[in-house]
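Visitor: I would like to learn how to read a structure like this one. Please take one feature at a time.

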Amino acid sequence: MRHRAFSVGLPAALCMVAWLAMTGDTRPSGPLVSYDPLDEECTAPEPNPAPAALSLNAGALPLRTMLMQARIAEAQTPIQANDASRRKPERMIRDPYAAYSAVAVDPGHDEVVMTDENLFNIWVYDRSFGRAPSDRPELRRLIGGLNTKIEFQCGLYIDPANGDIYAVNNDTIDTLVIFSRGTSGDSKPDRELHTPHGTFGIAVDEEKQEMFLTVQHNNAIVVFPKSAKGAEAPIRVVQGDDTGLADPHGMALDTKRGLLWVTNHGSVHSVRQNPNRRRGGSPGFPLDRDDAVPGSGKMLPPSITVYAKDVRGNARPLRSIQGPHTRLNWPTGISIDEDRNEIFVANDGGNSVLVFDGNASGDAAPLRVIEGPRSLVKNPTGIFFDKKNHELWVTNFGNHTAGVYNPDASGDAAPLRVIRSAAPDQPVPGLGNPHPIAYDTRREQVLVPN
Amino acid sequence: MHGIAYDAIHDEFTVPQQFGQAILTYRGNANGEEPPIRVIQGVHSQLDAPEHLDVDPVHNEIFVPTRDGHILVFPRDGKGDVAPIRVLGGPNTMITGDAPLAVDPVNNLLVVGGTAGRGQTRLLIFNRTDSGDTKPKAAIGGPNSHLYSFGGPFAVYPQKGEILVSVRGPGPFAELASEEAFVGVWRITDNGDVPPRWVIGGPHGILRMPRGIALDVKHRNMLVSDKRLNAVLTFHFPEMF
């Protein structure tokens, strides 16, 4: 167990923690989401260590970083330019509060763990808060900062035996990070695993000690030993035109029936080994963008695909759920109640939670749908069925909340308990890994793909 | 998605769809689950994993780089499985792969990001209509340029002949953030190992991982997205306009 002091990377998060501790559900007086300059404390960027010379870091840094260090060393002079380096922005669109993405419960320690794709933290709360109206959620630990390598984390797994946290980074850093239970602050991961670019969902077969990851960019599933680390290669790969994988996201394992469930957003292209690829591929890893077959792209309806858990290669799914009656719309997180054979889906684009019969196939309608203003379900991305406590957790990227539901809930059912990072009336910019931007001169609006 | 272009003349915006290998164009005021008004997709398009693009609304063309170092040029109003009207690529171009690009329809230039061995990053400047295996007319890069690595799509300001580039910085956390990151401004007449004319937001400023850049000429502002800040910042920058 480690407890380390927060050192970097947490000023905005600490602002929020302070607000939660002081005010509970009371609306704070200061800005939560601001389109104007923010106060210094809540906007101060993370301090980075000064760049070190190449020789000091050789072997410890990624190749690209070392090359950049070398180029800096080659430069004869500092930048000779008109200097606006310290100019402060006139405005900044930035949400200073957590946007919860993935969620998982550690039943052994009665904690709920959530990733945050806005402030780049992992939040660990007391699971069972709310037994009395004054019983606020207790933040037990916060993991965040540059040493943690936590960024846009979309998949989460808690080891039931020891509480280790497995957190999947999506497309900005190709690293799965694993923290031992009790880690807090800006701590280095206990273990790291290099992953294909664009991993999203995670599931673990504890019986076989195998770990499954979905790969959005390559329409693939990779399977590693659960204990894999470093640059270890997958032990098997699921990829190919027959798999039905199409921008795969969430994943869940039904250990009782030996099934692997995957949500797919629907965009797909073919890959073939490209002998002329400009970068060398990694042995054992799936074919990637350099192996894309030009012109093979399709945009299919979203789906859920089901496989035997020992699936490999270009295997067809055992069955698929797809079609207009399914109401699938960017299905993202997925979780299973194995005893009742029910499948819970965080339906991001549909602002709903869909519950399917575990035997559903084809254009099947969900058994139940949780949606509506009282439900607080808004752009849900994470979902977790807590078997021990018979509760359903849903994280909502669209409104700063995580809600706990009765798994039998239907319609516009209010959550039993809520963890919220901001007051209900605060705007949500919805920024998530903004890359290109454009300015619409007619409407004087900024266009930001995420 | 690493590219978006707003076309003020036709009031529409265009984005690449990498996984579906498509170019999607929407109405300028599109909202919600609105379908695109045009889609370029199919075998003849040669699109492999489109991430970046730019639109020339004056000459009605869309520029899209491929993973293997070619620039595909499509008619702006192309729809369906259309073939590019010209392709720029080959060893003489020094274009090495999918990289940011920007078209300057006033000065008739195309600016493409390139690398040359050991990860050296360069701005390659072509005539807008160049095709085939054509050498760039200029290449900006080298130790004194401080062009470490591109952060995202470029912007051009044709009226002043300026190229705005987000530059990632080095450091032990370079994959995530760097204090050395900045936005640099070069001129379209620059060539060789030329330092930027301006640096904004860094080094040692507020930027940590700058990505996209857009210009609000009317208000003399430069907008920058930053991955690590997960934010969009607006810098008032009248000196540039």
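**Reading the model**

Guide: B:Pro203 is a place to begin: this residue sits in the loop between strand E17 (198-200) and E18 of chain B. The model is predicted, and every value below is computed from it.

Visitor: What is the peptide bond from B:Gly202 to B:Pro203, cis or trans?

Guide: The general idea comes before the case. Most residues other than glycine have a negative phi, and most peptide bonds are trans. Here the bond from B:Gly202 to B:Pro203 is cis, and its omega is near 0°.

Visitor: Which residue other than glycine has a positive phi of about 45°?

Guide: That residue is A:Asn379. A:Asn379 belongs to the loop between strand E24 (368-370) and strand E25 (380-386) of chain A. It counts as buried because 21 C-beta neighbours lie inside 10 Å, and the cut-off for buried is 20 or more. In chain B, B:Gln46 also has a positive phi, near 65°, and is not a glycine. B:Gln46 is placed in the loop between strand E4 (38-41) and strand E5 (54-56) of chain B. With 18 C-beta neighbours inside 10 Å, B:Gln46 is therefore classed as partly exposed.

Visitor: How much confidence does the predictor attach to chain A?

Guide: The average pLDDT of chain A is 86, and 83% of the residues score at least 70. Residues 1-61 of chain A stay under 50 in pLDDT, and for them the model has 104 contacts beyond four places in sequence.

Visitor: Next, sheets. In what order do the strands of the open sheet with E2(A) stand?

Guide: Strands of a sheet pair through backbone hydrogen bonds, either parallel or antiparallel. In this case 4 strands make an open sheet, ordered E2(A)-E20(B)-E19(B)-E18(B), with antiparallel pairing. Strand E2 (91-93) of chain A and strand E18 (210-216) of chain B are at the edges with a single partner strand each, so one side of each has no neighbour in the sheet. On average, neighbouring strands of this sheet are turned by 20° against each other, direction ignored.

Visitor: How many bridges pair E2(A) with E20(B)?

Guide: There are 3 bridges, and the sense is antiparallel. A:Arg91 has B:Thr234 as its bridge partner in E20(B). Within chain B, strand E19 (residues 221-226) and strand E20 (residues 231-236) run antiparallel and are joined by 6 bridges. There, B:Asn221 stands opposite B:His236 in E20(B).

Visitor: How many residues of chain A are in contact with chain B?

Guide: The size of an interface is often given as the accessible area lost when the parts come together. Here residue contacts are counted: 71 residues of chain A are in contact with 82 residues of chain B. On the side of chain A that touches chain B, H4(A) gives the largest share, 8 residues. By class, that side of chain A has 32 nonpolar, 19 polar and 20 charged residues.

Visitor: Which residues of the largest nonpolar core touch the most other members?

Guide: The core has 94 residues, and those touching the most other members are A:Val103, A:Ile202, A:Leu260, A:Trp261, A:Val345, A:Val353 and A:Trp393. Beyond its neighbours within four places in sequence, A:Ile202 has contacts that include A:Leu156, A:Tyr166, A:Val168, A:Phe212 and A:Met251. Another core, of 83 residues, lies apart from it and includes B:Leu164, B:Val167, B:Ala181 and B:Trp186.

Visitor: Last, a loop residue. Is A:Pro317 buried or exposed?

Guide: A:Pro317 counts as buried because it has 22 C-beta neighbours inside 10 Å. A:Pro317 lies in the loop between strand E19 (303-308) and strand E20 (319-322) of chain A. Its C-alpha atom is separated by 5.0 Å from that of A:Tyr307, 10 residues apart along the chain. Leaving aside neighbours within four places in sequence, the contacts of A:Pro317 include A:Thr243, A:Gly244 and A:Thr305.

Conventions
Residues numbered from 1 in each chain as written. Chains lettered and ligands numbered in written order. Predicted model: local features only at pLDDT ≥ 70, side-chain atom pairs only at ≥ 80, totals over all residues. pLDDT = per-residue confidence, 0-100. Contact = placed C-beta atoms within 7 Å. Pairing = 2+ DSSP bridges. Helix = DSSP H or I, 4+ residues; strand = E, 2+ residues; numbered from the N terminus. Axes fitted to C-alpha atoms, helices over the stretch in contact; angles between N-to-C directions. Buried ≥ 20, exposed ≤ 12 C-beta atoms within 10 Å, placed from the backbone. Core = buried A, V, L, I, M, F, W, Y, C linked by C-beta atoms within 7 Å. Nonpolar A, V, L, I, M, F, W, Y, C, P; charged D, E, K, R; others polar.
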